[in-house]
Amino acid sequence: MAENKSYTIVEYFGGNDGYRCGYCKNQTGNFSHGMWSHTMTVQDYQDLIDRGWRRSGKYVYKPIMKRACCPQYTIRCHPLKFQPSKTHKKVLKKMNKFICKGELHKGQDDGELMDSVCEEAGPREPNKVCHFDLKCDTNINIKGEAAECPTIVEVQKEVVDATPTGSEMPRMDPVPVAGGRTATTAPKPGIGADPSRPPCRKAKELRKERHLQKQQMRQHADDVSSIVSPDKPTSTQSNQSKTLEEFITSPENPSHPLEVKLVPVNFEDPQFTDSYQQSAAVFSAYQMAIHGDDPSECSESEFRRFLCDSPLEAEYSPDGPEMGYGSFHQQYWLDGRIVAVGVIDILPTCVSSVYLYYHPDFASLTLGTYSALREIAFTRQLHKQSPKLTHYYLGFYIHSCPKMRYKGQYRPSDLLCPETYVWVPIERCIPQFSNCRYARLNQDPDAGDAQVLKDLGRALVLYRRTVMPYAAYSRKRKGSSDEGEVRQYAGLVGQECAERILLYRS
């Protein structure tokens, strides 16, 4: 095992009996495994989200997709290959128009289905977390193999975590959708479509066909124009040649200056503390106006627990981005005040979107889409500083909820196979959802989990402030009945993570 390293410390809570689904509103249709993270390295979290885990504050959960009414697939976008669509360009132009001229249309934009790329139904919170004064040296040196009892290692760095109450975990529900589906049956003889007439076509298909015809006509007109005047580009050609970065570049002499600030989530950072109350006020206004929360449900303490308390330890690397890794708030300042905040995690190979909230007065600016496009451009910027940072994670893609399919519009993108944990292009995944909500995604029947649990004895545990392999722990605790729970946990995080992450044992 590598020496001089930080450790992730978690408490595992197993699965549950089901909780309310925020998508189809099934009261007991959502299931997940969960663990409370007292502290976590960015590499461990990177590896966990690449196995379908996701954090909500310090609570890290993994949906049980085969049991869930609305399976949640981890989705990532390829920013280096991303090209904004016509809809994306419309949003960018609308923002630039407001910055230049101050034109603002009241009300929610009809073109945006959900105004955040990261709104999922909240998992069920743990009943209780162990309240202990944990001390752990960030530079622990562990010697010995799993089959042998290692040298006793005493913990030395204090990490104090408040015990969450039953009301602490979020329950952020997205826009409701109809839960039931009507089955299609064949028409009875003498009733139904006339076989002598052309088959009926959906209005959506007809619209797509007309749109394609218009594009072909426009392309033909552009070709003719280029022959007549080859030196003068058309407006369409000029628009298509603009990059995402050119679209988001602030215009000169704006009527409403827009500034985007990246602030580390750190109560010792003056930028974060100076803007904390204003940011919390925007969060409260957003939750009440957009989600219909009661003021008690979006208090300052809830804001802090959900979006400011992060288990991720700030880390810096010579080959990493200049601001380092960890949790950040990307604040959007318009005319000197915060109008939106994107909560993100900067990890070794990706930027992970956590949440987005904005002031309701600016809902018509489609800030969810706009912030996602800014975060894609930001990932491109970080890639120049750290070449291994290549992806943008949008949270979960829920195909069974039509209003959450829009995340697949940020292409090219991949979905994570829930069984083999390999990434599959979304175009190959969509057809698999036509017959069932859950799909393996990886079409190779012989493929398996590369990190499947092979040796439970090598999993690390933290027992009585001592770090040891599970094999040594089980010998110390003769007759212990937690092997099934530890085996389930280790199988979910994978062999490598199980050998790095410290699982707390009381």
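These questions and answers look at a cavity and some aromatic contacts in a predicted model.

Colleague: What volume does the second largest cavity have?

Modeller: A search of the whole structure finds three cavities of 30 Å³ or more. For the second largest cavity, the volume comes to about 70 Å³.

Colleague: Which elements give two or more residues to the lining of the second largest cavity?

Modeller: The residues that line the second largest cavity include Lys62, Pro63, Tyr73 and Thr74, along with Arg51 and Tyr421. By class, this lining has seven nonpolar, three polar and two charged residues. The elements that give two or more residues to the lining are strand S4 (59-63) and strand S5 (73-77).

Colleague: How far from the ring centre of Tyr421 is the charged end of Arg51?

Modeller: Both Arg51 and Tyr421 are among the residues that line the second largest cavity. The charged end of Arg51 sits over the ring of Tyr421, and its distance from the ring centre is 4.3 Å.

Colleague: How many residues apart in sequence are the parts that the pair of Tyr286 and Tyr355 ties together?

Modeller: The structure holds 19 aromatic pairs, and the one formed by Tyr286 and Tyr355 is edge-to-face, with 6.3 Å centre to centre and 85° between the planes. Tyr286 lies in helix H6 and Tyr355 in strand S11, so the pair ties together parts whose separation in sequence is 69 residues.

Colleague: Is Tyr355 buried or exposed?

Modeller: Buried means under 20% relative accessible area. Because the relative accessible area of Tyr355 is 2%, Tyr355 counts as buried.

Note on methods
Residues numbered from 1 in each chain as written. Predicted model: local features only at pLDDT ≥ 70, side-chain atom pairs only at ≥ 80, totals over all residues. Heavy atoms only, no water. 1 Å grid on protein atoms, 1.4 Å probe; cavity = no way out; pocket = protein on both sides within 12 Å on 5 of 7 lines; lining within 4 Å. Points joined across faces, edges and corners; volume = space filled by probe spheres on them. Helix = DSSP H or I, 4+ residues; strand = E, 2+ residues; numbered from the N terminus. Nonpolar A, V, L, I, M, F, W, Y, C, P; charged D, E, K, R; others polar. Phe/Tyr/Trp six-rings, centres within 6.5 Å; stacked < 30°, edge-to-face > 60°. Buried < 20%, exposed > 50% of the residue type's maximum accessible area, 1.4 Å probe, protein only. Lys NZ or Arg CZ within 6 Å of the ring centre and 35° of its normal.
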